There are 2 protein chains.
Amino acid sequence: MKIVLLQIDKTDQAYIEQGVQEFSKRLSRYISFETVTISISKSTRSRSIAEQKQEEEKQLLTRLEKSDCVYLLDEIGKEYTSIQLAQQIQSVLNAGKKNIYFVIGGPYGFTDALRSKYPLISLSKLTFSHQMIRLFFCEQLYRAFTIIKGEKYHHS
Amino acid sequence: MKIVLLQIDKTDQAYIEQGVQEFSKRLSRYISFETVTISISKSTRSRSIAEQKQEEEKQLLTRLEKSDCVYLLDEIGKEYTSIQLAQQIQSVLNAGKKNIYFVIGGPYGFTDALRSKYPLISLSKLTFSHQMIRLFFCEQLYRAFTIIKGEKYHHS
């Protein structure tokens, strides 16, 4: 059983990468966690937004198996409290799924086809950059495990 | 006219400080922006949660003038989209207030007295650490100004 953060494009801000590393390290106490980054070519990035999103969709789908539990992090998704997010993760763990994927889209978000294929989780009504979301998500995932384990990090 | 991020306790994570610095620098193109940090003594930190919050309240109130426009960043507050937050800031700028304070509480949040004195803004239903919130807020404030100025950063 492992949790994968699947994302588009390398993080280009060092402080975000450092924060993600910090929470990845802390998460490894609780579960196997990894970050998988899909790189989109420069030639694709020079095409229309619709074409870029289409290419991202194609590449994301090659990574996801039918047996995986997949959530898209998308601002139009369902908002959770930290406790509810922990409960949701706990219920997937209990169901014995092999992999849980949390997917962060590219700079323009997901295609409608992906949005209707998988459940959507929103971290905030606010829009954050697709790079910043990585750090927020890793902190929440870590927080979720401290809640599941009854540890002291979260003050509700 | 300036915007102040008023916060409790120094940031102890280097990556958060670096991210805040990055957005502070970018913000300075649009407005005078500063971060003011109130330090709570170790002896106060060894007291009860209620006493710590009380002391934080006292110290915050000494910084805030009647003529300031003050918002508390608090998870029970009103949620905005990025566009709505930009509009809110624009309307305060238009009203010609001298200072806008955005206040981030300590590790246990604000006292009820503070919560009823000032309007509350929630960045997310999720709970984030009071340190992480600094970075989220700075990115949103920068995003708000790019929206106000019609610049390219925000994709809605």
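Two residues are taken to be in contact if their C-beta atoms, placed from the backbone, lie within 7 Å. By that criterion, in this predicted model, 25 residues of chain B are in contact with 25 residues of chain A. On the side of chain B that touches chain A, the elements giving two or more residues are helix H1 (14-27), helix H4 (82-94) and helix H6 (132-148) of chain B; by class, this side of chain B has 10 nonpolar, 11 polar and four charged residues.

Within chain A, five strands form an open sheet with parallel pairing, in the order E2-E1-E4-E3-E5. Its edges are strand E2 (32-38) and strand E5 (120-122) of chain A, each of which pairs on one side only, and neighbouring strands of the sheet are turned by 30° against each other on average, direction ignored. Inside this arrangement, strand E3 (residues 69-79) of chain A runs parallel to strand E4 (residues 99-104) of chain A and is joined to it by five bridges, with A:Val70 standing opposite A:Tyr101 in E4(A).

Turning to the helices of chain A, helix H1 (residues 14-27) and helix H6 (residues 132-148) pack with their axes 9 Å apart and at an angle of about 20°. Because angles under 35 degrees count as roughly parallel, H1(A) is therefore roughly parallel to H6(A), and the crossing of the two helices is left-handed. Among the residues that meet here are A:Ile16, A:Val20, A:Phe23 and A:Arg26 of H1(A), and A:Leu135, A:Glu139, A:Tyr142 and A:Phe145 of H6(A). By class, the contact of H1(A) with H6(A) has 10 nonpolar, two polar and three charged residues.

Definitions and conventions. Residues are numbered from 1 along each chain as its sequence is written. Chains are lettered from A and ligands numbered from 1 in the order in which they are written. This is a predicted model: local features need pLDDT of at least 70, side-chain atom pairs count only at pLDDT 80 or more; totals for chains, interfaces and linings use all residues. Two strands pair if DSSP finds at least two bridges between them. Helices (H or I, at least four residues) and strands (E, at least two) are DSSP runs, numbered from the N terminus. Axes are lines fitted to C-alpha atoms, for helices over the stretch in contact, and angles run from 0 to 180 degrees between N-to-C directions. Ala, Val, Leu, Ile, Met, Phe, Trp, Tyr, Cys and Pro count as nonpolar, Asp, Glu, Lys and Arg as charged, and the others, Gly among them, as polar. Angles under 35 degrees count as roughly parallel, over 145 as roughly antiparallel, 65 to 115 as roughly perpendicular and the rest as oblique. A crossing is left-handed if the near helix is turned anticlockwise from the far one by less than a right angle, and right-handed if clockwise.
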